Amino acid sequence: MKTAENKILNFYLSFWLFLFTLPLSSTCFSQGADLTDQPRLNLGPDPPVYFEQNVGQADSAAKFLARGCHANVFLTPTETWLNLGDTERENEPSRVLRLGLAGANPKPELAGVNALPGRVNYFIGNNPADWHANVPVFAQVKYREIYPGVDLIYHGNHQQLECDFVVQPGADPHRIALEFSGAGNMSIEPEGNLLLPSPEWNVHLRKPVAYQEFGGSRTVVPANFVLCSGGRVGFQVGHYDNARPLVIDPVLAYSFTFGGNGGPSQGLGIALDTNHDVYTTGNTMAPNFPIASAYQTNFTGSQDVFISEFNTNGMLVFSTFLGGSGIQSGQGVAVDIYGNIFVAGYTSATNFPTHSALQPTNGGGYDGFVTELRPGGDALAFSTYLGGNGFDAVAGITLDTNDSPVITGYTQSTNFPTANAAQPAYGGNGDAFVAKLNSAGSALVYSTYLGGNDSEDNGPGTDIDPVANQSDVLAHLGGAVAVDREANAYVTGWTYSTNFPVVNAYQRTNNVYNPGSYTTPFVSKLDPSGNLIYSTYFGGGYGDVSRAVGVDFNNNVYFAGSWYGFDLPVTNAFDSG
C-alpha cells in the first residue's frame, strides 16, 4: 500500500529537484566563483558520472566518453578532451580543453572497470548504420602504467569528474606532469585550486587530496599543485610511506547532470518505490538524452517526455523517451508496490503512444495523457489521451489505495471527458479538473470540472491570456493532488473566479481586492466516488497561489504556496507576517 507519508515525501523531493535543476540548466561551471559553496541536492542519490564505451557514437580517437551539462568528456589513450559548451546551439559557445600527461606512456592499457547494469542506445536518424544499441557503461576507466608504477583511474563522485593517480610502492609521483591545451594563463588560487581560464569558461581543478590506506583506515598525505616550466603542472607531495600505494586525487570542479547536449532537459516529477529506487520524469529537447533498457529509444518530437529510474546507489536502471511528433512533457510520476510506473503530463502529438486506451486519439490541440509502464520501463500496460476540443494538460498524479491513478490539471475544453462529475459543466475561461481512472486505465471512476467563471489552476498573472498564450500556461502549470488512506482525494491550485464551487467551506468568498486581476488558492476534497466533501477558498486580498498538497495519517491536509499580501489567514503561526 502506498502511504500518505510517501506521497508527502514525493512532493518535497519534487519541489527541491525543481529548485536545484534550474540553475544547472543555465550554467554548470563557475565563472570566477568559489565552487566549494555551490548548492547540492542532498535528498537522494545524485545521478552518477558514467563512462560509455565508444563503439562509433563519438570521435574514433576516444575510447570512452562521459556526457554532462554543457560538457562532454572524451578519453583517448594520450589525452582527455573536455568539450565545454553545446556545439549544437548557436548561442552556446564551445571550447575544447585538452589535458595531456608529459612524458607518459603513449600506448597505455585502457579499459572500463566496474560495468554498470544499464545500457545506452543511439537511434538517431533513419540510417540503421548510424544506430548503436546496448552500448556498455562503466563506473570507472583505468589507464594502466601511464607512468612506470603509476595507474590513472577516472571515476565520478557526486556528479564530479575525478582522476586518481595510483602510485605503487617505489614509484615516483614527481614524474606526473599535467599539460593543458585550450586554457589561458594558469594560476594556483589561495585555496590551492588550479584555475584554467578561458574567454568563455573557467574550469577549476580542486586542490589535490593524497592519501594512503592502512587496514581500512585512511591517512592523509599533504599535497599541492606546483607550476613547472613549459606550462606544466606537477604535484608536491609530503612525507609518506614509500612501501605502500599512494593515491593522488584532483577533482575537475564542474557538475554533471543527467541529460543530453542537444537541447535543454527539465526534471518535473519524482517518486520513490518500496525499495527506495528513484523515478523521475520531465521533458527533454536532447535527441542524445541517456537512454537505457527503453520502451522508446528514438526521439520523435521537438520535445519528448523522459522517464528514468535510478537504484539506491545512484546507478541508472532504465531511461526511456515517451512521445510522438510535436511537444510533450511528463509533469508527474507515481509507482505502485509492484514497481509499475504511472506518468502523466501533456502532449500536442496526434501519434502519442497509446495502448489499451480509454481515449485513443487526441481530442484537439494539447491533450493530457496518462501512461503506465511495466516494471523496468520497457513495455506499456496502458497509455491514453485525456482531453477534449480545447487546451488540456495534466499537472499532477498520485495513486489511491487500489493503485488507481488520480490526476489533476487544467482544461479549456467544453467537452472534457467527465464521469460521475461533481461539476459536469465547464465553468469558463479555463477550469481545473480532477479525475480518477481504474487501475487498468480502461475507464473513468470519476472525472469532474472544478472551476468558476474565470481561470483556475494556472493563473500566473494578468499578463497571460491562457487561450492565446498556451506556452506561458504550460510554463506555469500548477495544481497538485494527494490521497489519504481512505482513498479520498485532495487537490489544490489557484483561481481568479468569484464563483468557484465551495462546499462546507472554511472561506466561502474570494477576498481579493481586484477580482479578475489577482489569484487566490483553493483546496478541495473528493470522496472515492468523486463527490465533493468540502471545497474552499483560502487567501487574502493581493494575490496568493497554492502549489502543493499533502495528507497525514489523521487525514489532516497540508498545502503550500506563495503569499503576496499581508492578510493571509494565519493561526498558531511561526511567522505571522
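Q: Which backbone nitrogen lies 2.9 Å from a polar atom of the side chain of D273?

A: This is a predicted model. In it, the side chain of D273 has a polar atom 2.9 Å from the backbone nitrogen of D277. D273 belongs to the loop between strand 20 (265-272) and strand 21 (278-284).

Q: Is D273 buried or exposed, and which residues does D273 touch beyond those up to four places away in sequence?

A: D273 counts as buried because its relative accessibility is 11%, and the cut-off for buried is under 20%. Not counting residues up to four places away in sequence, D273 touches Y279, E309 and V335.

Q: Which backbone nitrogen does the side chain of T495 reach?

A: The side chain of T495 reaches the backbone nitrogen of S497, at 2.9 Å. T495 is placed in strand 33 (residues 489-495). With 0% relative accessibility, T495 counts as buried.

Q: Where is T498 found, and is T498 buried or partly exposed?

A: T498 is in the loop between strand 33 and strand 34 (520-526). Its relative accessibility is 44%, so T498 counts as partly exposed.

Q: How many residues separate T498 and D454 in sequence, and how many Å in space?

A: T498 and D454 are 44 residues apart in sequence, and their C-alpha atoms are 7.7 Å apart in space. T498 also touches N453, N510, P515 and Y537, again leaving out residues up to four places away in sequence.

Q: How should I read salt bridges, and how many does a search of the whole structure find?

A: Side chains of opposite charge can pair when their charged atoms come close. A search of the whole structure finds six salt bridges. Among them is the pair R218 and E213, at 3.1 Å from N to O. Another joins R244 to D241, with the closest N and O atoms 3.5 Å apart. R244 is partly exposed, at 36% relative accessibility, and D241 is partly exposed, with a relative accessible area of 33%.

Q: Which residue forms a salt bridge with D400?

A: D400 forms a salt bridge with K436, and the closest N and O atoms of the two are 3.2 Å apart. The pair links distant parts of the chain, 36 residues apart: D400 is in the loop between strand 28 (392-399) and strand 29 (405-411), and K436 is in strand 30 (residues 431-437). D400 is buried, with a relative accessible area of 1%. K436 is buried too, at 5%.

Q: Which residues have the most contacts inside the largest nonpolar core?

A: A nonpolar core is read as buried residues joined through side-chain atoms. The largest one here has 43 residues, and those with the most contacts inside it are Y154, F165, I176, L178, F180 and I248. Strand 7 (residues 132-147) gives the most to this core, with five residues. A second, separate core has 17 residues, including L386, I397, F416 and F433.

Q: Which residues is F180 in contact with, leaving aside its neighbours within four places in sequence?

A: F180 is in contact with L97, R98, L99, M186, L194, L196, L205 and V233.

Q: How many helices and strands are in the protein, and what do the totals look like?

A: The protein has two helices and 37 strands. Of its 577 residues, 55% count as buried. Among contacts with a separation of 6 or more, 61% are between residues 24 or more positions apart. The protein exposes about 23400 Å², with carbon and sulfur atoms supplying 49% of it.

Conventions
Residues are numbered from 1 along each chain as its sequence is written. This is a predicted model: local features need pLDDT of at least 70, side-chain atom pairs count only at pLDDT 80 or more; totals for chains, interfaces and linings use all residues. Side-chain values use heavy atoms; hydrogens and water are left out. Helices (H or I, at least four residues) and strands (E, at least two) are DSSP runs, numbered from the N terminus. Buried means under 20% relative accessible area, exposed over 50%, partly exposed in between (1.4 Å probe, protein chains only). A polar contact is a pair of N or O atoms within 3.5 Å; within protein, one must be able to donate a hydrogen and the other to accept it, and residues adjacent in sequence count only if both atoms are side-chain atoms. Contact means heavy atoms within 4.5 Å. A nonpolar core is a set of buried Ala, Val, Leu, Ile, Met, Phe, Trp, Tyr and Cys residues joined through side-chain atoms within 4.5 Å. Accessible areas come from the Shrake-Rupley method with a 1.4 Å probe; for residues, only the protein chains shown count as cover. A salt bridge is a side-chain nitrogen of Lys or Arg within 4 Å of a carboxyl oxygen of Asp or Glu.
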